[in-house]
Amino acid sequence: MTLKSASCATRGLCLRTMTELDQSCSVLREYGSEQSLLSKPDGSSTFVQGDTSILAGVYGPAEVKVSKEIYDRATVEVLIQPKMGLPGVRERTREQCVRETCKAALLLTLHPRSSVTVILQVIHDDGSLLSCCLNAACMALMDAGLPMSHLFCSVTCAISKEGQIIIDPTARQEKECRALLTFAIESVECNVLMSSTTGSFSVQELQQCIAISQKASEQIFQFYRDSVKRRYSKIK
């Protein structure tokens with residue numbers, strides 16, 4: 001549900017441990033990213049959150065089928081490939097969340113009658129999968145050098161049966177929680193671009209999760225900046 005509506009071949013894995021955001025929340029897991037891994041896509045990246053890992057590839061702007069052509073802007077397509085088997089309903093739901101977030105960030109009117117395709121391959125899933133997909137997609141879009149009005153990142157919060165908010169939950173924590181909330185945050189004013197929720201929660205808990213996610217996003221955006229600076233400094 002929508003609430004409101006940069007690139008080289010140098011490689012280097014960057015890791016950072018997030019700090020504790022609030023005493024009621026657990027510490028975010030270690031995360032990292034590597035760009036320009038693949039030669040065929042126009043941009044690519046991996047993003048790792050704990051033991052959850054996603055490989056992303058971006059193609060475009062490129063030619064688009066006449067049936068999908070939009071005369072005044074580019075078409076955005078997102079495909080999520082599970083680790084095993086064929087995509088199902090869950091993958092289609094996540095694809096829609098990633099697609100709407102990318103559409104909100106990309107300056108699509110600069111490339112009319114073209115297509116931008118984002119392909120996400122699940123390497124391993126240990127919780128917060130949608131957040132990892134969104135973060136990998138943003139890093140890949142940056143690597144492709146596509147024009148964007150802002151960057152975006154994603155944070156997942158789980159609410160336990162006791163009411164504790166757990167940020168960046170593992171797969172086990174997700175199974176034991178009574179609610180799971182994922183938010184996409186934009187980098188300019190930290191507004192919520194997209195939210196995906198399951199389970200039951202109060203309005204107060206929703207507001208707390210949004211505030212925690214916005215606070216966590218500041219560190220992820222700083223990680224984006226540090227990653228880009230590190231790559232360009234190596235080129236020089």
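First, the ground rules. The model is predicted, so local features need pLDDT of at least 70 and side-chain atom pairs count only at pLDDT 80 or more, while totals for chains, interfaces and linings use all residues. Residues are numbered from 1 along each chain as its sequence is written, and side-chain values use heavy atoms, with hydrogens and water left out.

Now the sheet. Four strands form an open sheet, order 8-7-9-10, with antiparallel pairing. Strands are DSSP runs of E, at least two residues; helices are runs of H or I, at least four; both are numbered from the N terminus. Two strands pair if DSSP finds at least two bridges between them. Strand 8 (165–167) and strand 10 (192–199) each have a single partner strand, so one side of each lacks a neighbour in the sheet.

Strand 7 (residues 152–159) and strand 9 (residues 179–186) pair over eight bridges. Cys-157 stands opposite Leu-181 in strand 9.

Next, the helices. Helix 1 (residues 89–105) packs on the sheet, touching strands 7, 9 and 10. Its direction makes about 165° with that of strand 10. Helix 2 (residues 129–144) touches strands 7, 9 and 10 too, at about 170° to strand 7. Axes are lines fitted to C-alpha atoms, for helices over the stretch in contact; angles run from 0 to 180 degrees between N-to-C directions.

Finally, Phe-152. Leaving aside neighbours within four places in sequence, its contacts (heavy atoms within 4.5 Å) include Thr-101, Leu-141, Ile-185 and Tyr-224.
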